[in-house]
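Thank you all for coming. I would like to take a few minutes to walk through how one chain is put together, and I will give the cut-offs for each term as we reach it.

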Amino acid sequence: MPEGHVSRVRALYRRILLLHRALPPDLKALGDQYVKDEFRRHKTVGSDDAQRFLQEWEVYAAVLWQQTNENRQNSTEKVCFGAALPEEKLNDFRDEQIGQLQELMQEATKPNRQFSMTESRKP
């Protein structure tokens, strides 16, 4: 990753891991591992790829921050994280990315999960 992006990357990485603390424990573990793998995988990308990578993860962090705040305010309702992926965005993915997305979906929807993504909050 280009030198100019390094401090921005570190700050974003730390911010995402902090935001993951609001997730149910099994989703936190899954999310943390995925983030670590993706940031490691993109360490050596060029400037254009680094810029796109950072933009996408900054959007993710902003959405997660917003959903965390909404979940705190709606403590009587079910906790909800995530967003629908539009088909046109899915069409932009490479085969490798589609494979990663399928693996992530399978892991996140395993029947033996300890917690539900729509688990009710305790008062």
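The chain has five helices and zero strands, and read along the sequence it follows the pattern α-α-α-α-α; here helices (H or I, at least four residues) and strands (E, at least two) are DSSP runs, numbered from the N terminus. Please keep in mind that this is a predicted model, in which local features need pLDDT of at least 70 and side-chain atom pairs count only at pLDDT 80 or more, while totals for chains, interfaces and linings use all residues. Residues are numbered from 1 along each chain as its sequence is written, and side-chain values use heavy atoms, with hydrogens and water left out.

Of the 123 residues in the chain, 24% are buried, where buried means under 20% relative accessible area, exposed over 50%, and partly exposed in between, with a 1.4 Å probe and protein chains only. Contact means heavy atoms within 4.5 Å, and among contacts between residues at least 6 apart in sequence, 68% join residues at least 24 apart.

Let me turn to the helix packing. Helix H1 (residues 6–19) packs against helix H2 (residues 25–41) at an angle of about 165°, with the axes 10 Å apart, where axes are lines fitted to C-alpha atoms, for helices over the stretch in contact, and angles run from 0 to 180 degrees between N-to-C directions. That makes H1 roughly antiparallel to H2, since angles over 145 degrees count as roughly antiparallel, under 35 as roughly parallel, 65 to 115 as roughly perpendicular and the rest as oblique. On the H1 side the contact is made by Val9, Leu12, Tyr13, Ile16 and Leu17, and on the H2 side by Asp32, Val35, Lys36 and Phe39. These residues divide into seven nonpolar, no polar and two charged, with Ala, Val, Leu, Ile, Met, Phe, Trp, Tyr, Cys and Pro counted as nonpolar, Asp, Glu, Lys and Arg as charged, and the others, Gly among them, as polar.

How does H1 lie against helix H3 (residues 47–73), and at what angle do their axes cross? The axes come within 10 Å and cross at roughly 30°, which makes H1 roughly parallel to H3. Among the residues making this contact are Val9, Leu12 and Ile16 of H1, together with Trp57, Tyr60 and Ala61 of H3.

Ile16, in helix H1, is buried, with a relative accessible area of 0%. Leaving aside its neighbours within four places in sequence, Ile16 is in contact with Val35, Phe39, Trp57, Tyr60 and Ala61.

Next, the aromatic residues. The structure holds six aromatic pairs, where rings of Phe, Tyr and Trp (its six-membered ring) pair if their centres lie within 6.5 Å, and planes under 30 degrees apart count as stacked, over 60 as edge-to-face and the rest as tilted. The rings of Trp57 and Tyr60 have their centres 5.2 Å apart and their planes at 80°, so this pair is edge-to-face. Trp57 is buried at 11% relative accessible area, whereas Tyr60 is partly exposed at 32%. Ring pairs link Tyr13, Tyr34, Phe39, Phe53, Trp57 and Tyr60 into a cluster.
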